[in-house]
Amino acid sequence: MKFVIKNNQDKQSLINYLKELENDYIVDVKKQRNNRSKMQNNYYWACIVQPLGSELGYFPDEMHDILKMKFTAEWETHTIIDDGVDYKREGFFAMKSTARMNTKEFEVYADQIRIWALTELGIRLMLPNEYN
């Protein structure tokens, strides 16, 4: 059974349901995230990845990887403590999965790409409200 808790009434419904159970159960509570929508995903592939890939000579998956590297990769530094000595390990990228972005994060990502495409490449990409 899955419960979505949005208010105190929802909490009370869950509590009442749990009180009725007689066996052992495991309850997993997670904060609800609004992952990127299906509409955002369709827009991204049709209006960002496909046009840029066609213009720049890349297959869609290649263009997607290039965009992820350019706009989500972060240089990371880690401190490792070994036998009481601190070592800094630098030099690798961590990329964020676009599938795990929430709707706001994904819109910022898409906006950064649109601005880059227009200012650096002279390519105007369709805005979400222009996509059917």
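In which helix is the place of L56? L56 sits in helix α2, which covers residues 38-56. Helices here are DSSP runs of H or I with at least four residues, strands are runs of E with at least two, and both are numbered from the N terminus. This is a predicted model, in which local features need pLDDT of at least 70, side-chain atom pairs count only at pLDDT 80 or more, and totals for chains, interfaces and linings use all residues. Residues are numbered from 1 along each chain as its sequence is written, and side-chain values use heavy atoms, leaving out hydrogens and water.

Start with the overall layout. The protein chain has four helices and two strands. Read from the N terminus, their order is α-α-α-β-β-α. The chain has 132 residues, and 19% of them count as buried. Buried means under 20% relative accessible area, exposed means over 50%, and partly exposed lies in between (1.4 Å probe, protein chains only). The chain exposes about 10500 Å², and carbon and sulfur atoms supply 50% of that area. Accessible areas come from the Shrake-Rupley method with a 1.4 Å probe, and for residues only the protein chains shown count as cover. Now look at contacts, meaning heavy atoms within 4.5 Å. Among contacts between residues at least 6 apart in sequence, 49% join residues at least 24 apart.

Next, the core. A nonpolar core is a set of buried Ala, Val, Leu, Ile, Met, Phe, Trp, Tyr and Cys residues joined through side-chain atoms within 4.5 Å. The largest one holds 17 residues, and Y44, I48, L52, L67, Y109, I113 and L125 touch the most other members. Helices α2, α3 (60-72) and α4 (103-121) each supply at least two residues of this core. Take L52 as an example. Not counting residues up to four places away in sequence, L52 touches M63, L67, I113, W116, A117, L121, I123 and L125.

Now return to L56. Its relative accessibility is 34%, so L56 counts as partly exposed.

Rings come next. A pair of aromatic rings is described by the distance of the centres and the angle of the planes. Rings of Phe, Tyr and Trp (its six-membered ring) pair if their centres lie within 6.5 Å; planes under 30 degrees apart count as stacked, over 60 as edge-to-face and the rest as tilted. The structure holds seven aromatic pairs. One of them joins F3 and Y17: the centres are 5.3 Å apart, the planes are at 50 degrees, and the pair is tilted. F3 lies in the segment before α1 (8-20) and Y17 lies in helix α1, so the pair ties together parts that are 14 residues apart in sequence. F3 is partly exposed, at 30% relative accessible area. Y17 also counts as partly exposed, at 30%. The rings of F71 and W116 have centres 5.6 Å apart and planes at 70 degrees, so this pair is edge-to-face. W116 is buried, with a relative accessible area of 16%. Elsewhere, Y44, W45, F106 and Y109 form one aromatic cluster.

What does Q40 contact, leaving aside its neighbours within four places in sequence? Q40 is in contact with T103, F106 and E107. Q40 is found in helix α2, and at 15% relative accessibility Q40 counts as buried.

Finally, the charges. A salt bridge is a side-chain nitrogen of Lys or Arg within 4 Å of a carboxyl oxygen of Asp or Glu. The structure holds three salt bridges. R114 pairs with E107, with the closest N and O atoms 2.6 Å apart. R114 counts as buried at 8% relative accessibility, whereas E107 is partly exposed at 30%. R114 also pairs with D111, with the closest N and O atoms 3.2 Å apart. D111 and R114 are three residues apart in helix α4, so about one helical turn separates them. E130 and R124 meet in a salt bridge as well, at 2.8 Å from N to O. R124 is exposed, with a relative accessible area of 52%. Through shared partners, salt bridges join E107, D111 and R114 into one network.
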